[in-house]
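The structure comes before the questions.

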Amino acid sequence: MSYRTLEHATDAIIEVTADNLKEAFQIAGISVIETILDSTKVDEIDSRKLVVKGKDLKYLLYNWLEEIIILTITDGFAGKRIEIDIPVSYTHLTLPTLLLV
């Protein structure tokens with residue numbers, strides 16, 4: 001369970017290694033947060049719940065990471081730990097997430 005940042009001139013490219021899909025989403029979320037800020041300086045005093053949908057796993061991951069970026073940059077909410085559940089419905093994928101700080 002880890003991630004590494006790959007070199008790129010204009011984008012942040014992150015390679016995630018995980019044992020399962022849940023861990024992959026958690027690590028990807030944390031890696032995006034840590035790209036924006038130093039999470040070791042964040043105290044856990046509040047939480048936010050996110051529910052994100054996507055028509056497939058790629059869209060689900062994209063939409064979820066986008067929500068984390070918006071929450072961090074626009075709302076000023078700095079996540080430190082992520083609890084996640086990935087249930088699959090028949091028509092779309094939903095990702096309930098609890099971001100803890």
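What follows is a set of questions and answers about this predicted model.

Q: What is the secondary structure of the protein, and what pattern does it follow along the sequence?
A: The protein has two helices and five strands. Read along the sequence, the order is β-β-α-β-α-β-β.

Q: How many aromatic pairs does a search of the whole structure find?
A: The search finds one. Its members are Phe-25 and Trp-64, with 5.7 Å from centre to centre and 50° between the planes.

Q: Why are Phe-25 and Trp-64 called an aromatic pair, and why is the pair called tilted?
A: Ring centres must lie within 6.5 Å to count as a pair, and those of Phe-25 and Trp-64 are 5.7 Å apart. Planes under 30 degrees apart would be stacked and planes over 60 edge-to-face.

Q: Which parts of the chain does the pair of Phe-25 and Trp-64 tie together?
A: Phe-25 belongs to helix 1, residues 21–36, and Trp-64 to helix 2, residues 57–73. The pair therefore ties together parts that are 39 residues apart in sequence.

Q: How do you know whether Phe-25 and Trp-64 are buried or exposed?
A: Buried means under 20% relative accessible area. Phe-25 has 4% and Trp-64 has 0%, so both count as buried.

Q: What values describe how helix 1 and helix 2 are placed?
A: Two packed helices are described by the angle between their axes and the distance between the axes. For helix 1 and helix 2, the axes come within 10 Å and cross at roughly 35°. Helix 1 passes helix 2 in a right-handed crossing.

Q: Which residues make the contact between helix 1 and helix 2, and how do they divide into nonpolar, polar and charged?
A: From helix 1 they include Phe-25, Gln-26, Gly-29 and Val-32, and from helix 2 they include Leu-61, Trp-64, Ile-68 and Thr-72. The residues of this contact comprise 14 nonpolar, three polar and no charged.

Q: What makes Gln-26 count as buried or exposed?
A: The relative accessible area of Gln-26 is 18%. The cut-off for buried is under 20%, so Gln-26 is buried. Gln-26 lies in helix 1. Not counting residues up to four places away in sequence, it touches Trp-64, Ile-82, Glu-83 and Ile-84.

Q: Why are Leu-37 and Ala-24 called partly exposed?
A: Partly exposed is the class between buried, under 20%, and exposed, over 50%. Leu-37 has 23% and Ala-24 has 24%, so both fall in between.

Q: Where is Leu-37, and what is it in contact with beyond its neighbours within four places in sequence?
A: Leu-37 sits in the loop between helix 1 and strand 3. Leaving those neighbours aside, Leu-37 is in contact with Val-42, Thr-72 and Ala-78.

Q: Where is Leu-71, and what makes it buried or exposed?
A: Leu-71 is in helix 2. Its relative accessibility is 7%, and the limit for buried is under 20%, so Leu-71 counts as buried.

Q: Which residues of the largest nonpolar core touch the most other members?
A: The core has 15 residues, and those that touch the most other members are Phe-25, Leu-50, Trp-64, Leu-65, Ile-68, Ile-82 and Ile-84. Helix 1, strand 3 (47–54), helix 2 and strand 4 (81–84) each give two or more residues to this core. In soluble globular proteins, nonpolar side chains tend to be buried together.

Q: How many residues does the protein have, and what share of them count as buried?
A: The protein has 101 residues, of which 33% count as buried.

Definitions and conventions: Residues are numbered from 1 along each chain as its sequence is written. This is a predicted model: local features need pLDDT of at least 70, side-chain atom pairs count only at pLDDT 80 or more; totals for chains, interfaces and linings use all residues. Side-chain values use heavy atoms; hydrogens and water are left out. Rings of Phe, Tyr and Trp (its six-membered ring) pair if their centres lie within 6.5 Å; planes under 30 degrees apart count as stacked, over 60 as edge-to-face and the rest as tilted. Buried means under 20% relative accessible area, exposed over 50%, partly exposed in between (1.4 Å probe, protein chains only). Axes are lines fitted to C-alpha atoms, for helices over the stretch in contact, and angles run from 0 to 180 degrees between N-to-C directions. A crossing is left-handed if the near helix is turned anticlockwise from the far one by less than a right angle, and right-handed if clockwise. Contact means heavy atoms within 4.5 Å. Ala, Val, Leu, Ile, Met, Phe, Trp, Tyr, Cys and Pro count as nonpolar, Asp, Glu, Lys and Arg as charged, and the others, Gly among them, as polar. A nonpolar core is a set of buried Ala, Val, Leu, Ile, Met, Phe, Trp, Tyr and Cys residues joined through side-chain atoms within 4.5 Å.
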